[in-house]
Amino acid sequence: MRIGSVLAGVVTSAVLVALGGCTDGDGGPVTAAPSPEESPPPADPAAVDPVVVDLVTHCGIEVITFEGRTWRAVEAAPEPQRLPDAAGVVTYTGTTAGELVLVDDDELRFTVRDPLSAADGQFFDFRPVPEGAPPSPVCA
């Protein structure tokens, strides 16, 4: 099956959320719906159509759930700083706009695509968290 089908299914059936320790209200992690089983995408992120997301980053960039798996940032980072708009106003939503690409079975990449973010153009790589690993602490 083509990777475009995988990504289209993800966009229409799942909301990507950065966990950073966030929960769904019942104590479980907030997760995205799993997508159908597919073959791995090409290794070159430029060869894959990105999934446009608003990543919840109010607790920083550390852990996300994507396609039914939990992923941990190779290098955790604080929430990117917001920049003022043309009127000098800084808006805050707790999210950072960007694109997500599943590079291969063991690498996920989030690239910031937000001109009002100090991290615009910067990318963050994630690796899968082994099953049974302890959950991330809840952020405040």
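Modeller: Buried means under 20% relative accessible area, exposed means over 50%, and partly exposed lies in between (1.4 Å probe, protein chains only). This is a predicted model, where local features need pLDDT of at least 70, side-chain atom pairs count only at pLDDT 80 or more, and totals for chains, interfaces and linings use all residues. Residues are numbered from 1 along each chain as its sequence is written, and side-chain values use heavy atoms, with hydrogens and water left out.

Colleague: Is arginine 127 buried or partly exposed?

Modeller: Arginine 127 has 37% relative accessibility, so it counts as partly exposed.

Colleague: What is a salt bridge?

Modeller: Side chains of opposite charge can pair when their charged atoms come close. The rule asks for a side-chain nitrogen of Lys or Arg within 4 Å of a carboxyl oxygen of Asp or Glu. By this rule there are seven salt bridges.

Colleague: Which side chain meets glutamate 99 in a salt bridge?

Modeller: Arginine 113 does, at 3.1 Å from N to O. Glutamate 99 sits in strand β5 (residues 95-104) and arginine 113 in the loop between β6 (107-112) and β7 (123-128), so the pair ties together parts 14 residues apart in sequence. Strands here are DSSP runs (E, at least two residues), numbered from the N terminus. Glutamate 99 is partly exposed at 24%, and arginine 113 is partly exposed at 43%.

Colleague: Which residues are linked in a network of salt bridges?

Modeller: Glu107, Arg109, Asp125 and Arg127. Glutamate 107 meets arginine 109 at 3.4 Å, N to O. Glutamate 107 also pairs with arginine 127, with the closest N and O atoms 3.9 Å apart. That pair links strand β6 to strand β7, 20 residues apart.

Colleague: How does glutamate 107 count, buried or exposed?

Modeller: Buried, because its relative accessibility is 14%.

Key: Helices (H or I, at least four residues) and strands (E, at least two) are DSSP runs, numbered from the N terminus.
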